[in-house]
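Please walk through the strands, loops and helix contacts of the model shown below. The report takes them in that order.

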Amino acid sequence: MAVFTAVTLDDLTQWIKQFPLGQALALDGIASGIENSNFFLTTERGEYVLTVFENLDFEQLPFYIQLMRHLAERGIPVPAPVANADGELVVALHGKPAAIVSKLAGSSQMDPQPVHCAEVGAMLARMHLAAQDFPLSQPNLRGLDWWRATAPAVLPHLSADNARLLREEIAVQEEHAASAAYARLPRGPVHADLFRNNVMFVGDTLTGCFDFYFAGVDTWLFDLAVTVNDWCIALDSGRLDEARVRALLDAYRAVRPFTDDEAAAWPLLLRAAALRFWLSRLYDLHVPRAAELLTPHDPTHFERILRERIASPAPGLAA
């Protein structure tokens, strides 16, 4: 469990009175995530999630919190932020920004089948379309600029082969990002972290997705590639499972058809999505932060995925 800021029930006795939730009855740290301190919160009014933000400040947070509210109001199954008596969605707790959101029903599906992937694909397409008119804008903060800035911090820790792979892939992605075809890719607010553990199911029915704190404006195709690289792979090899890929892409396409530019860019965006998480995991491993208990994710998982995407063609976007 990553808990950077310790919070107790006693800490909430007075603090929670600003929310229409009654008294806090139970508080349990959530054993996942490495960016924020998260807790399951039980109050007299029900069950919620309390997040204390460790890396985002009060100026950055409105994009994420308002995006969640925007999507929830349009019927996308996401946690709904709870406002305090002054209408504020983000308030200070232990001197850090904090928010309370509704808790989703269900549990994560860690062994997804095509039926689950289809649910995720359709929901992701609906989310992209629902966010088109979201008035706030912020770039993907873990995009190309971050890759350029972060690579020098991890390169000294890599083998010569992995250092070469990192440099070469960033160069490939820089060239692609500068192209006219890339500029034509449809874009808008994206989740950017839609892994298996960020989606909830009851049986085979998707009940919601959460953890929007890597969201930003990027290409919709990048968001799709992040999702496919987690939901549709064999975990031991990183290879794509074509049945799951087809189920996810077909369900997405049924809601929002792909453009010709997206079809052409798909293999490179799958590589970009793998690069993004390989680099962030390398950074978490080699430039660690203090926490009560923090186990960084294994970066070799996304190194394998990146090498696999370079070596093997991916199932195309065409039906």
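Which residue in β3 does L41 stand opposite? L41 stands opposite Y48.

## Basis of the report

This is a predicted model, in which local features need pLDDT of at least 70, side-chain atom pairs count only at pLDDT 80 or more, and totals for chains, interfaces and linings use all residues. Residues are numbered from 1 along each chain as its sequence is written, and side-chain values use heavy atoms, with hydrogens and water left out.

Helices (H or I, at least four residues) and strands (E, at least two) are DSSP runs, numbered from the N terminus. Two strands pair if DSSP finds at least two bridges between them.

## The five-stranded sheet

Five strands form an open sheet in the order β1-β2-β3-β5-β4, with antiparallel pairing. β1 (24-29) and β4 (91-93) stand at the edges. Each has a single partner strand, so one side of each is left without a neighbour in the sheet. From one strand to the next, the twist averages 35°. Angles here run from 0 to 180 degrees between N-to-C directions, and axes are lines fitted to C-alpha atoms, for helices over the stretch in contact.

β1 and β2 run antiparallel and are joined by five bridges. D28 has F40 as its bridge partner in β2.

β3 covers residues 46-53, and six of its eight residues are buried. Buried means under 20% relative accessible area, exposed means over 50%, and partly exposed lies in between (1.4 Å probe, protein chains only).

β2 (residues 36-43) pairs with β3 in the antiparallel sense over eight bridges. A hairpin of two residues joins β2 to β3. Five bridges link β3 to β5 (residues 96-102), again antiparallel. L50 has I100 as its bridge partner in β5.

## Loop residues

E44 sits in the loop between β2 and β3. Its contacts, leaving aside neighbours within four places in sequence, are L21, G22, Q23 and L25. Contact means heavy atoms within 4.5 Å. E44 and L25 are 19 residues apart in sequence, and their C-alpha atoms are 6.9 Å apart.

Two other loop residues have positive phi without being glycine. H94 has phi near 55° and is found in the loop between β4 and β5. H94 counts as partly exposed because its relative accessibility is 43%. A192 has phi near 75°. A192 lies between β6 (187-190) and β7 (199-202). At 2% relative accessibility, A192 counts as buried.

## Helices α7 and α8

Two packed helices are described by the angle between their axes and the distance between the axes. For α7 (residues 220-231) and α8 (residues 242-255), the angle is about 150° and the axes are 10 Å apart. That makes α7 roughly antiparallel to α8. Angles under 35 degrees count as roughly parallel, over 145 as roughly antiparallel, 65 to 115 as roughly perpendicular and the rest as oblique.

The crossing of α7 and α8 is right-handed. A crossing is right-handed if the near helix is turned clockwise from the far one by less than a right angle, and left-handed if anticlockwise. On the α7 side, W220, L224, T227, V228 and W231 make the contact. Ala, Val, Leu, Ile, Met, Phe, Trp, Tyr, Cys and Pro count as nonpolar, Asp, Glu, Lys and Arg as charged, and the others, Gly among them, as polar.

## Helices α4 and α9

α4 (residues 144-154) packs on α9 (residues 260-286) at an angle of about 45°, with axes 10 Å apart. That makes α4 oblique to α9. The crossing is left-handed. In α4, the contact residues are W146, W147, T150, A151, A153 and V154. They meet A272, L275, R276, L279, S280, L282 and Y283 in α9. The contact divides into 10 nonpolar residues, two polar and one charged.

A149 is also found in α4. Is A149 buried or exposed? At 60% relative accessibility, A149 counts as exposed. Its C-alpha atom is separated by 23 Å from that of F212, 63 residues apart along the chain.
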